[in-house]
Protein chains: 2
Amino acid sequence: MALSKKPTTGMKDILPQEMRIRDYVISVIQDTYAQFGFTHIETPCVENINNLNCKAGGENEKLIFKIMKRGEKLNINEAKEENDLTDSGLRYDLTVPLVRFYSNNQASLPAPFKALQIGPVWRADRPQRGRYRQFYQCDIDILGEPSNLAEIELITATTTTLGKLGFKNFEIRINERRILKAMAAYAGFAEDSFDEVFIILDKMDKIGMEGVREELVKAGHTEESADKYLALFTGLNEHDNDGLEYIAGVLGEYLDSDIKDNLSEIITAVEATKAAEFKTVFDPTLVRGMSYYTGTIFEIAIPEFGGSCGGGGRYDKMVGQFTGQDTPACGFSIGFERIVLLLLENGFEIPGDNKKIAFLIEKGIDSKRLSEIMIEAANLRKEGYQVLVSRMNKNKKFQRASLEEQGYTEFKDFYREALKN
Amino acid sequence: MALSKKPTTGMKDILPQEMRIRDYVISVIQDTYAQFGFTHIETPCVENINNLNCKAGGENEKLIFKIMKRGEKLNINEAKEENDLTDSGLRYDLTVPLVRFYSNNQASLPAPFKALQIGPVWRADRPQRGRYRQFYQCDIDILGEPSNLAEIELITATTTTLGKLGFKNFEIRINERRILKAMAAYAGFAEDSFDEVFIILDKMDKIGMEGVREELVKAGHTEESADKYLALFTGLNEHDNDGLEYIAGVLGEYLDSDIKDNLSEIITAVEATKAAEFKTVFDPTLVRGMSYYTGTIFEIAIPEFGGSCGGGGRYDKMVGQFTGQDTPACGFSIGFERIVLLLLENGFEIPGDNKKIAFLIEKGIDSKRLSEIMIEAANLRKEGYQVLVSRMNKNKKFQRASLEEQGYTEFKDFYREALKN
């Protein structure tokens, strides 16, 4: 069978230039989150198929790369459906594995537990430009912290990281699932249709107020409810700076005042602490797709980038699915691939790179001389230099140009001694 | 279906304590190899199944985690064998993917190309203590360098890394496939039985001279050849310091003197340069399993550890399988998991860790005070401290003990103001 030079469909090779940016972003993430007391953990890339199909994955469960059973357990003749052939699959996110990890290791972990994960996930999406079937996620989560300290720390750590990477003028959009629900209840939607209402609301950015109204009515909701619902959002337009207070005022008894105070405290503390130029904005149209969120939800919007560049929220009911005992949980997933893409596109320069020297050695150089050259290289490396030791090519000009392109600024040539007659 | 708390069979969760060591080892590896001009690259964890089955994987090809075809391509009813159901699999090493990567991207890469890869690989081995089905490999390779500069740089970079991690008194054992072959030819073995002879020779450590002789004869070789072969090794016992010269002398015309000079030059240059306490030893019993090696082969032996802790060699014929054009290639794979294990077992302390402070906040603290505390934490973090902000637990003593265990040495308590009557 012929060998294929291309990566498997929808996946990509990462070349040195991009890899340097990725490594730099990872190092900033690791250092910054460590300063906030997050500890790095890792789970296997492969998970039991039942865990991956636990419903917490939403639409992603349709995109699993499934791994075949092996040896005697694989019975092709008797297999009737996919599930007879598979026992595991590649993870499609880092949340389901984290919850399993926590259930498995809780006794050895501090409480609350602050986790940092960085690693690849896989989704068998239809291949398209700029989206790959293997991509990195970077998640921070706090498990076992019921108070809004969790939200404040997650958002502050993430915005600090973005600031260190040179991002400015971005927004943290923040909302609460319970405010979303209170607004829907106030408008008179039936509780079992809330999720449907939120899916339509989520399109506000794309289809506008009128579009949302149309879709709500088309989905069978009353015009009265649709109008009352949309009036909440139009009312907000005049309350740029006190939107949360305004909404709470209109909702009255539909919204527990503790929920409003809790969210308000998060916004105040995040704004007070900020180590980067950004705004924290209450956004009652923010929905976040996953149904497992139970409280605060948030998203990063970077102006250079259409759409979200990361987000997260509180999911207090998911750990209980594994352990039988609910554990408060809150997480933030940074859009690692999007951040790398933005830095690459903007020609980001990594600060404080090593000085780079190239040693070029003529072919046939004497053994003793070679050892001396290697010692010289070793000494420069001890001083912190990056030293490339390479053979001298026949086309020296071309070789030098290529090395300059790789960032080498100093060159040293070593020739063999002229042969004596 | 019940959710499983355990990782999938044979794989493991990595907890914060081990992860800190892993991250530290990775950072030392990245920094050191960068100083030698190696550039970091990454390939997808998933490879086309035909590439994985290309024979370069040896026995590992029996241990592939295979991924099922998806959608219409999966036809369970018509499938007769495994290959009808799968189109890809998880990589079992980093060498096959590297060669594919090089074939795919050669035009964008410098010549020679010095690659560093660190990442997980998977093998469906029988689960056993201390061996896992997902584990990290760390490979450095130089493609396009025909001279022994490749071997010298690979070995020097690797020993420098080991030195920085605190390893001492280890050995680099080095041999040459062409010396192995010359020795077998000299003893009179038939050329098509060389690989069989080497597999037996490879057991020398375990079964000794007499055992090797017995197995050779049992495999159908003449006693004469077996005796002549083993005499080479007994002869060596009296040539600790000039083993290579001795063997070359005995082999005479069976061994091209360039091959001896080449190996000798590598040993001399590595010994001259060394940035760690180790010995470079010519070991004519060293075989290395993979049949793709064509020249120099080497292995790290760390005394605390039975067996090899990494190794590699020259494989000049593999790239040609993909590109149709042979490219000189030489690589070194460090035993990443073994190194981490040794450091963990020896209670390795990571140098220069951040100072760690814990802020403990009583429940119900005032919003304004909370913002002030978060600002204080942010300022300390700016100064380089690691600051954990956490709620104060009811059992303060227990909480403090647990934080001390995590390395927190300073504590600051924040109480809510007493309520006024």
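Reader: Where does B:Pro112 lie in chain B?

Author: In this predicted model, B:Pro112 lies in the chain B loop that runs between α4 (95-105) and β5 (113-122).

Reader: What is the omega of the peptide bond from B:Ala111 to B:Pro112, and is that bond cis or trans?

Author: The bond from B:Ala111 to B:Pro112 is cis, its omega being near -5 degrees. Turning to chain A, the peptide bond from A:Ala111 to A:Pro112 is likewise cis, with omega near -5 degrees, and A:Pro112 is found in the loop between α4 (95-105) and β5 (113-122) of that chain.

Reader: Is B:Arg288 buried or exposed?

Author: The cut-off for a buried residue is 20 or more other C-beta atoms within 10 Å, and B:Arg288, which has 20, is therefore buried. B:Arg288 is found in the loop between β8 (278-282) and β9 (296-301) of chain B. If its neighbours within four places in sequence are left aside, B:Arg288 is in contact with B:Tyr293, B:Ile297, B:Glu299, B:Gly311 and B:Gly313.

Reader: How should I read burial along a helix, and which residues of α7 in chain A are buried?

Author: The general idea is that an α-helix has 3.6 residues a turn, so residues three or four places apart point the same way. In helix α7 (residues 194-201) of chain A, the buried residues are A:Val197, A:Phe198, A:Ile200 and A:Leu201. Seen down the axis of α7(A), these buried residues fall within an arc of 160 degrees, so they line one face of the helix. The buried residues of α7(A) pack against α6 (177-187) and α8 (204-218) of chain A.

Reader: How is a pair of packed helices read, and at what angle do α11 of chain A and α14 of chain B cross?

Author: Two packed helices are described by the angle between their axes and the distance between the axes. Here the axes of α11 (residues 257-273) of chain A and α14 (residues 367-382) of chain B come within 8 Å and cross at roughly 35 degrees, and α11(A) passes α14(B) in a right-handed crossing. On the side of α11(A) the contact is made by A:Glu265, A:Thr268, A:Ala269, A:Ala272 and A:Thr273, and on the side of α14(B) by B:Ser367, B:Leu370, B:Ser371, B:Met374, B:Ile375 and B:Ala378. These residues divide into 6 nonpolar, 4 polar and 1 charged.

Reader: How many residues does the contact take from chain A and from chain B?

Author: The size of an interface is often given as the accessible area lost when the parts come together. Here it can be read as residue counts, with 87 residues from chain A and 88 residues from chain B. Helix α14 (residues 367-382) of chain A gives the most to the chain A side that touches chain B, with 7 residues, and that side as a whole divides into 39 nonpolar, 30 polar and 18 charged residues.

Reader: Which residues is A:Ala378 in contact with, apart from its neighbours within four places in sequence?

Author: A:Ala378, which lies in helix α14 of chain A, is in contact with B:Thr273 and B:Ala275 once those neighbours are left aside. With 19 C-beta neighbours inside 10 Å, A:Ala378 counts as partly exposed.

Reader: Finally, what radius of gyration does chain A have, and how many helices and strands?

Author: A compact globule of 421 residues would have a radius of gyration near 22 Å, but chain A has 27 Å; its C-alpha trace spans about 105 × 65 × 45 Å along the principal axes. Chain A has 15 helices and 14 strands, and 43% of its 421 residues count as buried. Among contacts in chain A between residues at least 6 apart in sequence, 68% join residues at least 24 apart.

Definitions and conventions
Residues are numbered from 1 along each chain as its sequence is written. Chains are lettered from A and ligands numbered from 1 in the order in which they are written. This is a predicted model: local features need pLDDT of at least 70, side-chain atom pairs count only at pLDDT 80 or more; totals for chains, interfaces and linings use all residues. Helices (H or I, at least four residues) and strands (E, at least two) are DSSP runs, numbered from the N terminus. The radius of gyration is taken over C-alpha atoms; the globule rule is 2.2 Å times the number of residues to the power 0.38. A residue is buried if 20 or more other C-beta atoms lie within 10 Å of its own, exposed if 12 or fewer, and partly exposed in between; C-beta atoms are placed from the backbone. Two residues are in contact if their C-beta atoms, placed from the backbone, lie within 7 Å. Axes are lines fitted to C-alpha atoms, for helices over the stretch in contact, and angles run from 0 to 180 degrees between N-to-C directions. A crossing is left-handed if the near helix is turned anticlockwise from the far one by less than a right angle, and right-handed if clockwise. Ala, Val, Leu, Ile, Met, Phe, Trp, Tyr, Cys and Pro count as nonpolar, Asp, Glu, Lys and Arg as charged, and the others, Gly among them, as polar. The arc is that of the directions from the helix axis to the C-beta atoms.
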